[in-house]
Amino acid sequence: MTGAMRGLSALAFLALALLLARASADLPPGLLWPPEALHLPMAGWISAAMAWLTDSAHLGPVSFKDLTRGFAALVEAPYQALRVLLVEGITEGRGRRATVIVPPLSWLAVTVAAVALGHYARNLGLGLIAGALMLYLAVFGQWESAMVTLSSIAIAVPLGVAGGLALGIAAWRWRGVERALAPLLDLMQTVPTFAYLVPVLVLFGFGPVAALLATVIYAMPPMVRVTLLALRAVPSEIMDFAAMAGCTPGQRLRKVMLPVALPDLMVGVNQVIMLSLNMVIIASMIGAGGLGFDVLNALRRLDIGGGIEAGIAITALAVVLDRLGQALAARPGGQLRAVGPWWRRHPRTALVLAVILATTALGYLIPALQIYPKDWQLTTRTFWADLMKAINVNYFDQLEALRAWLLEYLMIPVKRFFLALPWPFVLGLATLAGWRLGGLRLAALALALTGFLAATGLWEQAMTTLYLCGLGVVLAMLIGVPLGVLAASSEAAGKAIGAVIDTLQTLPSFVYLIPVVMLFRVGDFSALIAVVLYALVPAVRYTAHGLRGVAPELVEAAVVCGCTRGQILRKVRLPLAVPMVLLGLNQTILLALSMLVITALVGTRDLGQEVYIALTKADIGRGIVAGLAVAAIAILADRLIGAAAQGARARLEGAA
Amino acid sequence: MTRPVKLACRAVWKLYGPHPARLLQSGAPTLDAIRASGHVGAVRDVSLEVGEGEIFVIMGLSGSGKSTLVRCLSRLIEPTAGEILYDGEDLLKASPARMIEIRRHRMGMVFQHFALLPHLTVLENVGFPLEVQGVARPAREARAREVIALVGLQGREGHYPRQLSGGQQQRVGIARSLAVEPDLWFLDEPFSALDPLIRREMQEEFLRIQRQLKKTIVFITHDFDEAIRLADRIAIMKDGALVQVATPEDLVLAPADDYVRAFTAHVARAKVVTLGRIAAPLSGPAPDLALPAEMRVDEAAERIVTENRPVAVTRDGQILGEVTPQAVIAVLIGRQP
Ligand SMILES: Nc1ncnc2c1ncn2[C@@H]1O[C@H](COP(=O)(O)OP(=O)(O)O)[C@@H](O)[C@H]1O
Ligand SMILES: [Mg+2]
């Protein structure tokens with residue numbers, strides 16, 4: 001089918017949809033939203049299953065509950081040990097009257113340790129960066145919260161890495177495991193985090209351990225995938241060599257494959273660190289204290305300065321952990337070993353130990369060495385608050401006009417349109433799209449997923465989600481693609497835009513909400529802006545990447561043909577970049593959906609809100625069904641766009 | 001010149017595709033039948049024998065099945081059918097533990113892209129096969145240093161593979177494959193990834209090492225000149241099957257078909273033809289200057305032509321006949337002998 005016919009049929013569908021939306025006021029009620037009779041009481045089933053699991057399930061003589069408790073205790077012990085070391089120290093008595101016998105590691109000691117680790121891993125430069133970021137935590141009064149967060153991250157990351165590695169190896173070794181894991185991983189990454197907070201909450205109770213486990217579940221999937229890919233990517237000659245050297249299967253894995261795959265595996269470790277830190281705020285909803293709790297609290301109190309400071313502190317921690325991890329992995333071995341007494345052979349360890357002893361001992365006399373004094377702290381809170389106030393005072397009318405205009409002419413009509421679509425029509429449309437893009441299998445999948453949405457009884461929420469997400473994605477693409485084109489057009493622009501995007505991406509998603517809510521109050525409009533900001537990144541990045549990836553000979557050929565710069569862009573580079581841009585679109589949708597669940601905090605009425613309510617009520621069934629509904633939309637979008645991208649690529653390669 | 005057989009394979013097949021074993025049940029399929037049924041005949045009905053201390057070269061275009069064959073011989077790939085006998089033991093019947101044992105002590109392999117472990121130094125890479133066997137560090141480092149010296153890489157023990165040039169990396173690969181003192185040595189296009197000048201140098205080096213160690217060698221290449229320079233015998237492969245197995249000289253002088261002839265057409269005859277081949281019966285008393293029958297004409301040409309009289313040719317101390325300057329010149333200018 002030609003492009004023109006494609007376009008025409010799309011237009012025809014849009015016209016039909018509009019007509020239907022118009023006419024829907026007169027539709028019989030069962031046609032607009034799925035009738036009650038079609039709803040399956042899935043929430044009830046899941047809650048009942050969960051109740052059975054927690055109350056009466058047994059594995060042999062041990063009840064399931066004891067099992068989870070035991071597991072929790074296993075995780076809790078090292079976590080508590082770290083907290084003693086970093087946060088609390090050894091104390092006597094409880095609560096307010098507790099007296100510290102041995103204090104925790106001093107801020108000075110931890111900072112020096114970070115510098116020493118950086119120096120050990122690469123060079124003094126890295127050490128100084130790590131030290132400076134730690135110093136930021138102290139100077140801006142984030143120290144204690146940061147150490148709480150660090151304790152849980154320091155447990156969650158190794159657990160996530162080890163678990164991911166083990167699963168990845170199992171999947172590499174046995175095809176059956178791989179087949180079983182693939183859909184599970186898809187779900188783990190698309191079900192919004194809130195949704196599985198609920199069962200974790202029920203199984204492990206409110207508290208840091210539940211938060212820790214939720215973090216591990218969230219952060220592990222990329223490690224599994226990366227491990228599988230990395231093991232597969234070990235060159236076949238190296239595998240042959242391992243066999244010829246007479247390695248046993250265990251030796252082959254330990255001595256050959258894992259070390260060879262290490263650089264790739266580190267990408268997974270980096271992902272685990274990043275996702276764990278992403279999860280810090282969400283995890284604080286089920287009892288993780290620390291920086292995440294501070295951000296959440298600031299958000300609730302609309303304390304923009306506090307939120308931004310704590311948010312940046314999370315980012316600082318992320319950067320330190322990430323850089324140190326990368327450098328440690330890339331550290332060249334085989335350096336000359338120093339000789340002499342112990343402290344000469346290990347100067348850094350000796351230095352850190354000395355600082356620890358000195359600050360702990362002297363800390364009893366000079367408390368500033370132990371705890372960073374309040375008087376020396378800086379804060380930017382008032383600056384941010386004043387800035388917001390100034391904007392609000394001076395530009396209130398303009399901001400309000402913008403908000404009103406967009407709401408009235410864009411958001412409300414689109415929302416009405418989505419809510420007025422009859423459900424059989426949506427079902428048919430999704431199936432048809434699946435059939436056209438990917439054949440019968442995709443059509444069946446689309447039908448099943450949309451049918452699932454209809455059967456949840458959450459149709460209205462699902463349509464609201466579609467409207468917010470769809471609008472957010474369209475806006476993000478409208479802004480992001482031109483930015484991507486700009487970034488690919490010159491080195492300087494690429495660098496500048498790249499820097500901004502990197503920062504956007506490391507900020508925890510919650511942080512976006514704070515200024516937006518300050519300026520535009522709660523509601524759909526704030527949610528939309530936060531979604532656009534958050535989902536912008538892949539749109540820009542993939543567009544730029546796709547444009548840069550166009551073969552230079554093709555561009556040269558166009559130049560020789562006498563194309564202008566605009567023509568080269570429109571007729572050569574953009575068409576060739578289409579598959580990449582589609583991948584970016586895919587990522588944008590996934591990010592928008594994940595952000596929507598977070599924007600539930602500012603009072604949207606979509607599936608995210610449903611999940612959030614379920615979390616506050618600890619209603620497992622409701623939370624999981626709503627979470628699965630979000631996952632269904634995400635998977636549907638992912639598969640449809642994936643198929644479209646593949647089609648585009650096939651056409652390009654077929655033509656080439 | 002008969003040597004005891006070190007490695008032999010009989011009717012080895014390797015088919016890729018949906019039902020490789022079923023295809024072989026009703027006798028040997030033709031190439032067309034294999035292709036028609038959606039299979040790839042990577043190795044088809046190959047039988048060969050490699051003598052002890054021999055350099056046996058397998059030559060063929062890319063995709064002709066050389067790598068698959070050599071991997072069947074070392075059982076890195078399980079052949080679809082056939083027998084592989086190493087010192088009379090059928091490798092295909094060996095248990096996994098037995099295979100590990102054989103590979104640890106009696107086989108070595110060199111790879112086209114070196115297959116060095118990037119996280120280990122030269123010393124550690126070379127010592128790796130010993131480490132796997134559980135040899136203690138001092139002993140394996142001592143042995144590793146020996147083979148590193150053998151390939152001329154002294155002083156680079158602490159380097160990582162990425163710090164070495166391609167030629168140096170392959171020297172490490174060679175040293176590593178020799179660390180366990182294997183009898184049988186597989187080399188899969190070891191010099192194909194190197195620049196032509198380096199390749200020449202490595203070929204010399206390889207011959208030098210072989211003169212010293214006298215291994216049984218299966219050497220893969222797609223370069224006919226390389227094959228001629230190194231081989232005692234050459235096997236030419238096409239579409240997974242052997243076309244001809246012969247000495248370089250026989251291959252050039254009596255190609256089995258047009259396919260082989262196409263390879264040999266451009267080869268200078270003098271580089272492969274030996275004195276024994278052009279020797280004529282003595283025409284008078286034996287000349288006092290004698291040369292061995294295995295010597296190739298291009299090596300002997302200058303001396304015989306400057307002597308300007310017949311030269312005796314000897315094999316194992318026996319006088320075989322004589323070679324005249326005219327006969328040498330005939331070979332040099334490419335006339336058929
Ligand atoms: N794992 C495999 N699956 C299917 N076909 C293969 C596989 N390995 C090799 N082949 C095919 O077998 C033939 C011989 O390959 P190979 O032994 O690598 O050739 P060479 O080393 O001579 O270049 C080629 O046609 C190749 O495509
Ligand atoms: Mg090959």
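In this predicted model, A:Ala49 has a relative accessibility of 45% and therefore counts as partly exposed, since that class falls between the buried limit of under 20% and the exposed limit of over 50%. The residue belongs to helix α3 of chain A, which spans residues 42–55. A:Gly621 is 572 residues away from A:Ala49 along the chain, yet the C-alpha atoms of the two are separated by 9.1 Å.

Turning to chain B, an open sheet of 4 strands is found there, with antiparallel pairing and the order β2-β1-β4-β5. The edges are taken by β2 (40–51) and β5 (89–90) of chain B; each has a single partner strand, so one side of each is left without a neighbour in the sheet. The antiparallel pairing of β5(B) with strand β4 of chain B (residues 81–86) runs over 2 bridges, and here B:Leu85 stands opposite B:Asp90. Helix α3 of chain B (residues 66–73) packs on this sheet, where it touches β1 (5–16), β2 and β4, and its direction makes about 125 degrees with that of β1(B).

Residues around the ligand include B:Tyr16, B:Val40, B:Ala42 and B:Thr68. Two elements of chain B, β2 and α3, each give two or more residues to the shell.

Notes: Residues are numbered from 1 along each chain as its sequence is written. Chains are lettered from A and ligands numbered from 1 in the order in which they are written. This is a predicted model: local features need pLDDT of at least 70, side-chain atom pairs count only at pLDDT 80 or more; totals for chains, interfaces and linings use all residues. Side-chain values use heavy atoms; hydrogens and water are left out. Two strands pair if DSSP finds at least two bridges between them. Contact means heavy atoms within 4.5 Å. Axes are lines fitted to C-alpha atoms, for helices over the stretch in contact, and angles run from 0 to 180 degrees between N-to-C directions. Buried means under 20% relative accessible area, exposed over 50%, partly exposed in between (1.4 Å probe, protein chains only). A residue is near a molecule or strand if one of its heavy atoms lies within 4 Å of it.
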